[in-house]
Amino acid sequence: MPVLLTDITVRLGEDGKVFAFGSDARIDIDVDPTPRIDAAGARMAALGGLDFEPSRDRSTGGHDLFLLPLRDGVTTEYKLTRRVEVLQHHPPHRWVTYVDAHTAEVVWRFDRVRYAQIEGSVSSLVHVALPTVLETVTNPDTYVNIDGVDVTTNKLGDYFADNVSGVVDVQFELEGPWAKALRQDGQPDALVETTVDTNSTALLSHHWDNSNSHSNARDAYHGIVRAHDYIKTLDPAFTDIDIQMPVNVLITTGDCNAFWTGDSVNFYIGGDGCHSTAKVIDIVVHEYGHAINDLFYIQLGFSDGMLNRSMQEGMSDVTAAFLTDDAIIGNELYLDGSDVRTLNNTNTIPHDVSSSVHRNGLIIGGAFWDLREAVGLETAERLAHYARYGAPDDEDNMIAAYLEYLLEVLVADDDDSNLANGTPNGDAILGAFSLHGISPASSIRFSHTALPDTDRSDEDLVVQVNVSSDMPIIPIDPNSVRMSYRSNYGAIVTQDMQFVANQTWQATIPGQREGTVVSYWFEASAFGQVRYRPALFGSRPHQFYVGTPSALFEDDFETDQGWTVGAAGDDATSGVWERGAPEPIVDSDGDPVLSQSGFDHSSDGTLCFVTGASAGDDFDSFDVDGGKTTLLSPVFDLSGAVEPVILYHRLFTNNILRYPGSAPASDPWLVEITSDGVDWVEIENTTDSNVPANKTNSLTVSDWQRVAFPVDELVAPSSSVQLRFTVTDQAEASLVEAMLDDFLIFDFEQAIVPVAVSNFQARSVGASVTVSWQSVRSYAAADFRVHATADHESWVVFGVERDEFGSFVAVDRHHALGSANTVSYELAAREPELGWVSVARQELQLARPPISLHRPWPNPFNPATNVAFSVGEEAQVDLGVYDASGRRVATLARGSFSAGTHAMTWNGLDQHGRAAASGVYYVMFRANGREVGARKLVLMK
């Protein structure tokens, strides 16, 4: 068997004598001579690592066996091999290959075709991070054309060509498999041509700088190639991005902008106070991010790519921010050094939703940046990209599109095919997205027919609601469905709702005393995120009143009854309050704009008070602009009223999404009341529009909001009661409209009815109150009910019984947790002819320590406000700040506090130390597990 690399040498002189000899004879060979790989197997193995085309190339040999010595330092290892030749035609190669006959490993290969070679590197002077700082970088994935054949540089910017000989033509351009830079200013594209004699020169490198190219072309080309490498590193299976992208630079028809056309990225020349957009790496990557969004969805089978424009902008921002690991987009684009926008923001749905898709994109962009801060860049960028596999999108509804993206992020994070038990980074994901108003709870829908007013104070009212999800993938927690209610302005009572059937749940509101206004709302959660409907602290709860009222004042605004428009400080330039017939607002195409209804609220009327009755097709001409407008009611004499209630209907919109306006959902609706003409108390102060932002049809009477409240809970009824309604377009412009109709004041007369009841008394016994009475008639315990009232809260004392002496007794344990020193007890009896009637009342002074939440000061505030609370003895306290959706923003106090008054400060920062947005907040105080009270805060910046 031949031993390769082995020979015997004998040298003869001219005289025929041997003058030298030698031998490479091997005497230490120890190899199994039996091959395990046949000739066919050897020919197949010889193709490893070669670009073999069966139609033109071939592999031969493999029949003969050879021993191949392989030297490693001072030792030699022998391999039993088969010799194979592989012939390639383009470019020509004749690879002699020795294949290990035992393992099929290629152990030696060389090419019998001989060429000259040329090699080198390509580099560029570019703006890597800032448009003011140039740096030298290599050019990976870039063509070098050698005699008409493109050779591509590797990831280090190096190239090598060995299929050349003699003098060759070499061309350098800003072009490669993933990008081609094209100037649009009328000047030629970057091109350097030269020749090389490969017989004398084997090294040729090239550097792109201002002497041979424009920086815009270099910058944009570098950014696109860098972005392609970034996304392919994340996801090698994303093949639709593997195309040569036209990169158009120095466009002269605009400035300070860039755009994606669906098949190219484009960058304007500098001007109007900004650099050329191609100089700013994150703008370049942002535009390529649009290509990623579209082409990925197209690869999934969605021919039009990603449709939602706000999400397009947001996810393109995310790609740019993650590639640079910098939240700033448009870093120092402007000549003064300022930036375009940042993902490190507090923008939320709905308060920062606008007609600007770039601004809307900051909401989801901010969510991903917060996720990056929570879980790190590597995890965040993986989740952001692989969520695309679910193709989250919605053409018209930004909120739905963002919610779908959140769900797909959870799917991408899931590790056991069970979302119900959470995901490895689920808490961080939900936390980051919820900070921007993107919550799984957003898909929860409540369908409920509001309870009507009732004249039966004895009736326990069954409340039913249908709870469903817009997206079946979102599981609603069945243990989270609750109803909360409050009587007048008393404490909030929350109870679990019971499942009935077909997504229907129910709970009971116990009978309330006559003259009570009951407000109630619902809550449910998904993935631990809670949704309240109506808003937890907003001005839109469901309401009904109890009792038979008598009207004191009625005004449907069909006639003038003394209302006044205008107050000190009014400065609105349009949309001033007026009494008139409102016109529906339409756009230039005749479609309704959900801002002003064409109907008043009255069933048989046409007039109401409205902020500019005129409308027409110019929807932005008659809304409230430039400041505030005030409507003042007549002065009412309520000094003789027993329990007066004021009721009105209003329609307020400030959240139009599709039309000009940079600050939807930020302008306030304010209603106040006074009883002395000096001090005004808030009834409503909200930026919550009546109408959902995603509603698509025109406004109707059903969109009007009814508001009712007991006067004596806010001010003392007097002869000088007056209301004022203020609408403001503040700060940034937006589309603001308001309407008011069907204003009522009525009273509840609660006379004591004499019946056979005596010795009614309430007395404090330890930590409870015992209420007792006697009767000469044969009443049953069920014929009596005791109502208690303290500190604007009403409740029913349950469990009436007869004692051993024949007296009726009821024990109230509720008061011991309250804060008032005086509780009023009222006894009601069920009379055969009259129904439930009030038969006795008594006020009881309680010797107990006060528990109270003081008014915050200052309020409104900026930058900080003081919040104080008092406890009469040591108590477990929880003092938190919540936004209008009920989400806890900050915790001011939690734990055990000694008796006395304690002052806390809220500096306007949330739980993550970030500045909270301007708007309405609520501070809620709980002591010993019971809700004591809540106060409204207004943060103004």
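## Exercises on loops, strands and helix packing

Pro534 sits in the loop between β28 and β29 (542-545). The model used in these exercises is predicted.

**Exercise 1. Which side-chain polar contacts does Ser870 make, and is Ser870 buried or exposed?**

Step 1. Ser870 is in strand β50.

Step 2. Check the accessibility. The relative accessible area of Ser870 is 9%, so this serine counts as buried.

Step 3. List the partners. The Ser870 side chain has a polar contact of 2.7 Å with the side chain of His854. Another polar contact, of 2.8 Å, links the side chains of Ser870 and Thr901.

**Exercise 2. Describe the surroundings of Ser772.**

Step 1. Locate Ser772. The strand is β42 (residues 768-775).

Step 2. Classify it. Ser772 has 9% relative accessibility and is therefore buried.

Step 3. Collect the contacts beyond four places in sequence. They are Asn759, Phe760, Gln761, Arg763, Phe808 and Val809.

Step 4. Look for a polar pair. The side chains of Ser772 and Arg763 make a polar contact at 3.4 Å.

**Exercise 3. How do helices α4 and α5 pack?**

Step 1. Decide what to report. Two packed helices are described by the angle between their axes and the distance between the axes.

Step 2. Take the values. Helix α4 (residues 309-324) and helix α5 (residues 357-375) meet at about 45°, and their axes are 7 Å apart.

Step 3. Classify the pair. The angle makes α4 and α5 oblique to each other. Their crossing is right-handed.

Step 4. Name the contact residues. The α4 side includes Arg309, Met311, Met315, Val318 and Phe322, while the α5 side includes Val357, Leu362, Phe368, Trp369 and Arg372.

Step 5. Sort the contact by type. There are 10 nonpolar, 6 polar and 4 charged residues in the contact of α4 with α5.

**Exercise 4. At what angle do the axes of α2 and α4 cross?**

Step 1. Take the values. The axes of α4 and helix α2 (residues 215-234) cross at roughly 90° and come within 11 Å.

Step 2. Classify the pair. Angles of 65 to 115 degrees count as roughly perpendicular. Therefore α2 and α4 are roughly perpendicular to each other.

Step 3. Name the residues. Arg226, Ala227 and Tyr230 of α2 meet Thr319, Phe322 and Leu323 of α4.

Step 4. Sort them. The contact of α2 with α4 has 4 nonpolar residues, 1 polar and 1 charged.

**Exercise 5. Which elements do the buried residues of α8 pack against?**

Step 1. List the buried residues. In helix α8 (residues 426-434) they are Gly426, Ile429, Leu430, Ala432, Phe433 and Ser434.

Step 2. Name the packing partners. These buried residues pack against α5, α6 (377-386), α7 (398-413) and β28 (529-533).

**Exercise 6. How far apart are Asp679 and Gly872 in sequence and in space?**

Step 1. Locate Asp679. The loop between β36 (669-674) and β37 (681-686) holds this residue.

Step 2. Asp679 and Gly872 are 193 residues apart in sequence, and 30 Å apart from C-alpha to C-alpha.

Step 3. Find what Asp679 touches beyond four places in sequence. Asp679 is in contact with Ile673 and Thr674.

Technical notes:
Residues are numbered from 1 along each chain as its sequence is written. This is a predicted model: local features need pLDDT of at least 70, side-chain atom pairs count only at pLDDT 80 or more; totals for chains, interfaces and linings use all residues. Side-chain values use heavy atoms; hydrogens and water are left out. Helices (H or I, at least four residues) and strands (E, at least two) are DSSP runs, numbered from the N terminus. Buried means under 20% relative accessible area, exposed over 50%, partly exposed in between (1.4 Å probe, protein chains only). A polar contact is a pair of N or O atoms within 3.5 Å; within protein, one must be able to donate a hydrogen and the other to accept it, and residues adjacent in sequence count only if both atoms are side-chain atoms. Contact means heavy atoms within 4.5 Å. Axes are lines fitted to C-alpha atoms, for helices over the stretch in contact, and angles run from 0 to 180 degrees between N-to-C directions. Angles under 35 degrees count as roughly parallel, over 145 as roughly antiparallel, 65 to 115 as roughly perpendicular and the rest as oblique. A crossing is left-handed if the near helix is turned anticlockwise from the far one by less than a right angle, and right-handed if clockwise. Ala, Val, Leu, Ile, Met, Phe, Trp, Tyr, Cys and Pro count as nonpolar, Asp, Glu, Lys and Arg as charged, and the others, Gly among them, as polar.
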